[in-house]
Amino acid sequence: MDSLWVAKTGLEAQQTRMAVVSQNLANVNTTGYKRGRAIFEDLLYQNVVQAGGLTSQQTESPTGLNLGTGVRVVATDKQFTQGNLITTNNSFDVAIQGRGFFEILLPDGTQAYSRDGTFQLSPDGQLVTSSGYEISPAITIPTGAQAATIGIDGVVSVLLPGSPDPVQIGSLQLTDFVNPAGLQARGENLFLETVASGPPQPGTPGLNGLGTLVQGALETSNVNVVEELVNMIETQRAYEMSSRAIAASDEMLQYVTNNL
Amino acid sequence: MDRLVYVAMSGAKQLMEAQTLVSHNLANANTHGFRADLARFQASPVEGAGYPSRVNAVATGAGFDHSAGTLIATGRVLDLAVDGPGWIAVQAADGSEAYSRAGALNINGLGLLETRRGELVLGDNGPIAVPPYVELLVGGDGTVSVVPQGQGPETLAQVARIKLVNPDPAVIEKRTDGLVQMAEGGVADPDAGVKVVSGFLESSNVNLAEAMVSMIELARLFEVEVRMMRLADENATRAAELVQIN
């Protein structure tokens, strides 16, 4: 009985959407997290009766019968809207205001991209993410440096003891993509380049449409709790409807078995 | 056996198909821009020699529900909802022009505007290429304009206009991939009267209460058909008893 399987696709799709909603709610306090969204599409239609088929030599059927086969989740895309900036006053916390990602060097030598600017210092003075991955291009803070300043254009300068002039030791870069929604989320607040995202386009913060950097601030998650709760209610009700359709189809079959 | 049983059986089979259609609508209750499918039953007399007492029921498609869904605010610039009647022109997987109301658009790795299913969105001159931008806007008539990368807001440039059409509901039909096309072939003319709103998506237009009621109705009708089969069976048993020789 087809309707059982059609309704099953409904349950599956709603369940996936619920997983996306839960993931968003769980990451409501994750720095630089971008919320996901499940996109549905209707599955292929079966042509049961062809429209325009001949019903006799002179007449043709005016309408056909196309039965749809359900629904599926076609994509779970990330929404790269700006999160709020919160001030932490930690000198190695950097938030991106606008487009762009920090380039992160993974331990296996490949590149990942992140908007989480919670940087730390490694034992040898390098700027790394909270997972310990180096940022690229590498920034090394010399030992004994007093205060580090990161400008809105990414220039990192430090004050060395005994010298009144700040010394520029490098600059942070940002990388942009044509289609950030096409990036693959890897976990640990990192994204990977894909064919859909387009190639990375590195640049100086503040130029060519890239965002600017804000030192001492972090970008919060862009999850809107109220919206997610409404999505959750909608998902749950749609799930109930589909499960009701399964129950109704089941009762029909049961009636046949009991009464014939 | 009485041929009543075959009439009841074909009725039950058609009801099951109608139930599939209702399940499909319910499964797509959250699919953006989805249009609910409709079906109706048609009488189909069984012709042949003798008195035509038997009339089978045949489920036929009755197109789809053209009423609009509600607009859901998403705040994403590339989420477009058609406000009122009308369709967004896209290039289907087979290369032909088809129409959709699912307006969650995206820019792919090549810079082309596409739907989430990967169909290219068509402008007045074919697919729409969007240059790297700082700011993107979609006007109410489907005009896409951008502030190109590296330039200020004074350089807002028009890129293309999304082809919006509004053919007569009588001349369009659903394809097997869920898009809509002109029933007689060909393409629809652009219509300047179609309005889109950016930052919104249109919900599915499935009326949940109606779908639930028709689901219950179909289930009960199915039971009636099964009861008829049971009666035909009992009739046959009684008739057999009459002619039994003890």
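**A friendly note on a two-chain model**

1. Let's start with one pair of residues: B:Leu137 has B:Ser145, a residue of strand E12 of chain B, as its bridge partner. Keep in mind as you look that this is a predicted model. What do E11(B) and E12(B) form together? They make a hairpin, with 4 residues between the two strands. In its turn you can find B:Gly142, which has a positive phi of about 90 degrees.

2. Stay with B:Ser145 for a moment. In strand E13 of chain B, its bridge partner is B:Gln158. E12(B) pairs with E13(B) (residues 157–161) in the antiparallel sense, over 4 bridges. As background, strands of a sheet pair through backbone hydrogen bonds, either parallel or antiparallel.

3. Now turn to chain A. Here an open sheet of 3 strands has the order E12-E13-E14, with antiparallel pairing.

4. Next, each chain has two domains to find. In chain A, the domain assignment gives domain 1 as 2–80 + 224–259 and domain 2 as 85–219. Taken over C-alpha atoms, the centres of these two domains of chain A are separated by 42 Å. Their contact involves 7 residues of domain 1 of chain A and 10 residues of domain 2 of chain A. On the domain 1 side, the residues are 2 nonpolar, 3 polar and 2 charged.

5. For chain B, the assignment gives domain 1 as 4–66 + 206–242 and domain 2 as 71–202. How many Å separate the centres of these domains of chain B? Over C-alpha atoms, the separation is 39 Å. Domain 1 of chain B brings 5 residues to the contact, and domain 2 of chain B brings 10 residues. The domain 1 side has 1 nonpolar, 4 polar and no charged residues.

6. Let's see how the chains meet. In total, 52 residues of chain B are in contact with 54 residues of chain A. On chain B, the elements that each supply at least two residues to this side are H1, strand E1 (37–45), strand E2 (55–64), strand E7 (105–107) and helix H2 (208–242). H2(B) gives the largest share, 11 residues. By class, the chain B side counts 22 nonpolar, 20 polar and 10 charged residues.

7. Helix H1 (residues 2–26) of chain A packs with helix H1 (residues 4–27) of chain B at an angle of about 5 degrees, and their axes are 8 Å apart. Because that angle is under 35 degrees, H1(A) is roughly parallel to H1(B). Residues that meet here include A:Val6 and A:Thr9 in H1(A), and B:Met16 and B:Thr20 in H1(B). The residues of this helix contact divide into 5 nonpolar, 7 polar and 1 charged.

Key. Residues numbered from 1 in each chain as written. Chains lettered and ligands numbered in written order. Predicted model: local features only at pLDDT ≥ 70, side-chain atom pairs only at ≥ 80, totals over all residues. Pairing = 2+ DSSP bridges. Axes fitted to C-alpha atoms, helices over the stretch in contact; angles between N-to-C directions. Parallel < 35°, antiparallel > 145°, perpendicular 65-115°, else oblique. Contact = placed C-beta atoms within 7 Å. Nonpolar A, V, L, I, M, F, W, Y, C, P; charged D, E, K, R; others polar. Domains from an automatic or database assignment.
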